[in-house]
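Visitor: I would like a close look at a single part of this model, the place where the two protein chains meet. Please take me through it with some care.

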Protein chains: 2
Amino acid sequence: MATIKEVAEKAGVSPSTVSRALSGKVAVSPETKEKVLRAVKELNYQPNALAKGLKEGRSKTIGLIIPNVRNLVFPPAIRGITDVAKKYGYTVVLCNTDEDLETEKFYVESLRRRLVDGLIFSTATQASTHILELKKQGFPVVLLIRHLNEEIDAVIMDNFKGGYEATKFLIQRGYRRIALVNGTLELELYRQRFEGYRAALAEAGIPYDEGLVVHGTKGWEDGYKAMYEIWGRGRKPDAVFGTSDPKALGVMKAIKEQGLKVPDDVAVMGYDNLDMSELTDPPLTTMAQPFYEAGVRAAERLVKLINSKRKVRPVIEKLETTLLIRQSVGFGPAYYK
Amino acid sequence: MATIKEVAEKAGVSPSTVSRALSGKVAVSPETKEKVLRAVKELNYQPNALAKGLKEGRSKTIGLIIPNVRNLVFPPAIRGITDVAKKYGYTVVLCNTDEDLETEKFYVESLRRRLVDGLIFSTATQASTHILELKKQGFPVVLLIRHLNEEIDAVIMDNFKGGYEATKFLIQRGYRRIALVNGTLELELYRQRFEGYRAALAEAGIPYDEGLVVHGTKGWEDGYKAMYEIWGRGRKPDAVFGTSDPKALGVMKAIKEQGLKVPDDVAVMGYDNLDMSELTDPPLTTMAQPFYEAGVRAAERLVKLINSKRKVRPVIEKLETTLLIRQSVGFGPAYYK
DNA sequence: CTGAAAGCGCTTACAG
DNA sequence: CTGAAAGCGCTTACAG
């Protein structure tokens, strides 16, 4: 690959002038500029980004640290991030942690060595105090989907409202024995959805029944088991709210396996709106999360943080979810009364 | 962040010695080494990877260029690549092209400026001669899933065999009017699956009927439409082979919409085994592609190319697919005869 | 408007 | 085994 020196020789100017002609930040005479541009073209000159980055103390790269690309909520978010990154001339480095703290630290260190300009995390658990440390050092960090505290910028969803509205919809549709198949309470997002569920029940005067609730499920297999567990407790829900689409699909599988019909015997509500959720049979009613949009916002925010000289007050953006009514929820026993 | 100079001062040695003590490539006295290591620890020294990369002419980064992370075949492959990258100390930069050649070129240029050490592509169409150009320059390139020619290393699937065996299985199960809902013939992988389909029919003495075949479908919506198109031609297939899971799911949707049963009225076979495919109703029989494994192999191959001084003969690795028998295929009319 | 020089933070051939 | 020096390829303050 050609260097700036070779371009300078070919154009008959100094390397400094080539640099200036290319950057556009300093005035250069039109003739000089033209000469330089011609030489650049002839040599197919590509400035060495490492040299540039070393000099300028930044790499035009952002790091993205998530639990696992294979978790289907992430691909749309990643796409949002890479789209924005492209717009501003950033490149994005992808890291999977499997929620392991050591791996997370390993990547943070590795990325800082590489002088990444900022970091987007979607893997914050309570233990992630090292992220707070980064923030304290003035390093640009944005949290995505998962929340930590008020000191760190984040783009998250309104999980309370999502849980509340999903449950409220089931109630409006006439369901009264509404089961909840939820994820781990260690994640704030599941705590919030749970709170929303309880709030909606309380508002409607429906007593809360612990027997209808399973926490800590992960993936469709757990959702499937959770349904049997609820039945095993002697409960006969007329609707089930799975707080992720895979959980809801597992629930649906169990229901069908028992020869029951969705939604006639048991209605099923999901949460996420993964790309495949529309294709289930019956199509899944779900609370859609704007993952792509969240990725876009997080990246936009990060770019702002990178470009701001002094400390900016952290912003927690809370995005709205959208109820998507499909056929897995019908009309329950109380609807026509 | 501390620099090598600061470490040197603190340890009372020269920067060169610090560099040597850390690299381990050159002998350093044990006492010196210990002093250096202590200083490194105290200052929490992280070597600047840009400086290192500039000096060494490499970045310990690999570029991954794919059409779209949201296409569900990629997340597992990406995971395979990042896992291997981590193992060898590489970082991976993710780029989405939407199959657009200009975008692809843009990224290649941008990544080369950043001195990425190699590139994994999964976006090669006939037009991608610029990839051949890279290869010619001796730049490490590995193709993933999609194939270009014999000169470029690649990790692909045996698509002919996959198409052949899927079709053969349907025939063995007693189906005779087997429709094919295929992707664009511009991609070799779809041409190969089509060839496999024809070969299996021919072998069984079943005449090829063009009316049962639709090419160029993309995503489940097209699969859905394709089913109606086939019926519109007056054909009544007893089985449909969709050459990707989304296509098969779209087909299934159309079949159910017409009040027909899968597999009793029409059997459905997919191709991919996406993470969600097991959850369809009925569970989808499909030809599983080892995407994660392909990512692993491609990254391993790339690392080998990066580390080899002279040109190596290109290797095209062809991975086997696996038939996963689930309930969307039953036993057709000819089975009991 | 332009050039020569210094420097970003490393590594490594050279000399001792 | 260790240090001083040169150099990777840029950018930018300094001087003119």
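Through which surface do the copies meet, and what share of the interface residues of chain A are also interface residues in chain B?

Guide: The model is predicted, and in it the copies meet through the same surface, because 100% of the interface residues of chain A are also interface residues in chain B. The contact takes 37 residues from chain A and 37 residues from chain B. On the side of chain A that touches chain B, the elements that give two or more residues are H4, helix H5 (74–87), strand E2 (91–96), helix H6 (101–113) and helix H11 (245–257) of chain A, and the largest share, 6 residues, comes from E2(A). Sorted by class, that side of chain A has 18 nonpolar, 9 polar and 10 charged residues.

The arrangement of the copies can be described by superposition: chain A can be laid on chain B with an RMSD of 0.1 Å by a turn of 180° and a shift of 0.1 Å along the axis, which is the relation of a two-fold axis. In chain A, the C-alpha nearest this axis belongs to A:Val93, at 2.2 Å from it.

By class, the surface near DNA strand C has 10 nonpolar, 10 polar and 6 charged residues.

Technical notes:
Residues numbered from 1 in each chain as written. Chains lettered and ligands numbered in written order. Predicted model: local features only at pLDDT ≥ 70, side-chain atom pairs only at ≥ 80, totals over all residues. Least-squares fit on C-alpha atoms with pLDDT ≥ 70 in both. Contact = placed C-beta atoms within 7 Å. Nonpolar A, V, L, I, M, F, W, Y, C, P; charged D, E, K, R; others polar. Helix = DSSP H or I, 4+ residues; strand = E, 2+ residues; numbered from the N terminus.
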